[in-house]
Amino acid sequence: MRAYLISRNVQSLFVVFVVTSIMFVMFRIMPSDPTAMLVDRGMPEEARQALLEKWGLTGTLWDQYLRYFGNLAVGDFGESFFYRQPVWDVLLPLIVNSLILAIPGLLLGALIGAGLGMVVGWSKRGGRIENIGIFVATIARGTPSFIVGIALLAVFSSWLGWFPAFGMGDPGDAAGSQRYFTFEFLHHLFLPLLAVIIFFLPENLLLMRSGVVESRTEDYIELVRAKGVSEPRVAWHAGRNSLLPLVTWLFPALAETVAGLIVIEIVFAWPGVGRELVLAVTRQDYPLAQAAFILMALLIVLSNLAADLTYTKLDPRVAYSRAKHG
Amino acid sequence: MAKTPTLTNKAANVGLRHRMLNPVAMLWQDGSARIGMIVFFLFAVVAIFAPYLAPYPPFESSLSEAGRLRRLEPPSIDHWLGTTTFGHDVFSQLIMGFRLAFVVGVVAALAVGFVSTLIGIISGYFGGVIDDLLMRLTDVALSIPTLPFAIVAVGLLGPSIENIILVITVLFWRNGARIIRSTVLTEREKIYVKWARTAGASHFHIIINHILPNVFRIVFLWITMSVAFAILTEASLSFLGLGDPTAVSWGQMLNTAFVSGSLRTAWWWVAPPSIALVVLISSIYLIGRGYEELNNPRLRRR
């Protein structure tokens, strides 16, 4: 068991290293000159050298690589070309903004989706609730999240005028951490949050429904019913056992959220990490783009690790078979 | 002796053709999959004949008789779905968007299908060190965040259809390889494969004649789903402004409407590409859903 945990952690570390290296190489072998946007053409050679040195762009590729990892090891992502500030200072508030959108969206989407999935799964096989439920969920799953966002904007912002169309608050609002505790903030949060919920709902509904349908025919369900328990409680018995796959689904989903959030952040001009990644790529602000990408990859690796460890805790047989088969 | 191989080859070919049609015939039994396949087919027809159906070149600015640009006009007889802020005909752009969606979707899905089948079969069939190496590679690939990678890669390589297809292939082979590998693992243990090996059949012969036909259903499903993933990824990239600027795509139409601030006013410009994307991607998901219902015995009605 301990051997499995150690090897699993080492493996995660290795994956992070490889992904980071791939990114490093990709950013340096691209056709355009990374210094083009940084250094003016007419700049004297000395000033140019000084600037390049400041951004760690001197020496061979290998030197740069070693220096980059040396800095990463102490948590230094370098300085943004565009903002002329340490990347960390730029990204930190954006990470908070993204998580404020991601975590409630994910949890509410999972909760509402699982609830509806239980209803659909327990409805009459081949009946109207089942057919309509599955059909609507499948179409909702096939709707790209930026179209969900555009539709929400069209209805609730342009047509009804209930919610603001973009941003996180008005310019005159409270600054710092105070800004998260105002009505204005919640007012701005509502539509993007709804888009994230709609992004997660159908998948959870379908997962839960399959689980409930599968367990409906199990013997213990008949036993529960034979005890004379009311039908909704019987449904709960079937649903509860389908929750386990859902719980382990949550971790990888969190990582995918932050990635999938990108288009929603763009539609609603929500100042998060995903939106900044797109802006950094179009501005050729490579230190920032690189850092944002690595953070997202790190999140995926960590959540996969968390999911695996939770699963191992819940079902020790997993560690055994994985230790045997690698 | 010389005749026997041709005979078995012929039999194998007939069997293979039968299996190729098999998934479609099988999916036809499921109501939602049938709807999905019909919609997909109709969209494909529009995509094939797109240049003949579009009344105007997609990037031609329409001028009124007085020589003024016909900007943001609502639907009329001349322009069935109105015009964009640059005076382009929305209907023509929508029709040409069918073609781009299918080119990206089908080419990328076939490439994804090829790579995942190759890696899945090699990994599952040979096992041992090869399997270990390929699966470690898959683990690393699975840790790459999908859309962020696509954004960075297309941003660095330059926005073109070829690069978008390349990036989609690099991203989506990984899950397919896993799924196909696990199917191969069970096929490999079948008794007739062992007999074929004992009888002196080469690995290549066994893979082509025994393994491949039996994993074909899974490969077919994975390619079908990859069409949806590819279309979705292309649409997202184009919506973010990283699409091929020389071709019309639905995502790019939405991006232009979004960037020019016409989202609130020009419904005739925003709604058609949105609906087309939702209907096409959903039709593929309906096919995948039907497949799952038919193949999971515990979900089947009794």
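Buried residues make up 45% of chain B, which has 302 residues in this predicted model. Of the contacts in chain B with a separation of 6 or more, 71% are accounted for by residues 24 or more positions apart.

Now let us see where the two chains meet. On the chain B side, 36 residues are in contact with 41 residues of chain A. Four helices of chain B each give two or more residues to this side: α5 (128–142), α6 (146–157), α9 (203–239) and α11 (267–295). Which of these gives the most? The answer is α11(B), with nine residues. Sorted by class, the chain B side has 22 nonpolar residues, along with eight polar and six charged ones.

Chain A can also be viewed through its domains. Domain 1 covers residues 2–73 of chain A, and domain 2 covers residues 94–325. Where these two domains touch, domain 1 of chain A provides twelve residues and domain 2 of chain A provides 13. The domain 1 side of this contact consists of nine nonpolar residues, two polar residues and one charged residue.

Most residues other than glycine have a negative phi. Against that background, A:Arg84 has a positive phi of about 55° although it is not a glycine, and A:Ala269 has a positive phi of about 50°, again without being a glycine. Here are the two side by side.

| Residue | Phi | Loop of chain A |
|---|---|---|
| A:Arg84 | about 55° | between α3 (61–73) and α4 (87–122) |
| A:Ala269 | about 50° | between α10 (243–267) and α11 (273–282) |

Are these residues buried, partly exposed or exposed? A:Arg84 has 8 other C-beta atoms within 10 Å, so this residue is exposed. A:Ala269 has 14 C-beta neighbours inside 10 Å and therefore counts as partly exposed.

Notes: Residues numbered from 1 in each chain as written. Chains lettered and ligands numbered in written order. Predicted model: local features only at pLDDT ≥ 70, side-chain atom pairs only at ≥ 80, totals over all residues. Buried ≥ 20, exposed ≤ 12 C-beta atoms within 10 Å, placed from the backbone. Contact = placed C-beta atoms within 7 Å. Nonpolar A, V, L, I, M, F, W, Y, C, P; charged D, E, K, R; others polar. Domains from an automatic or database assignment.
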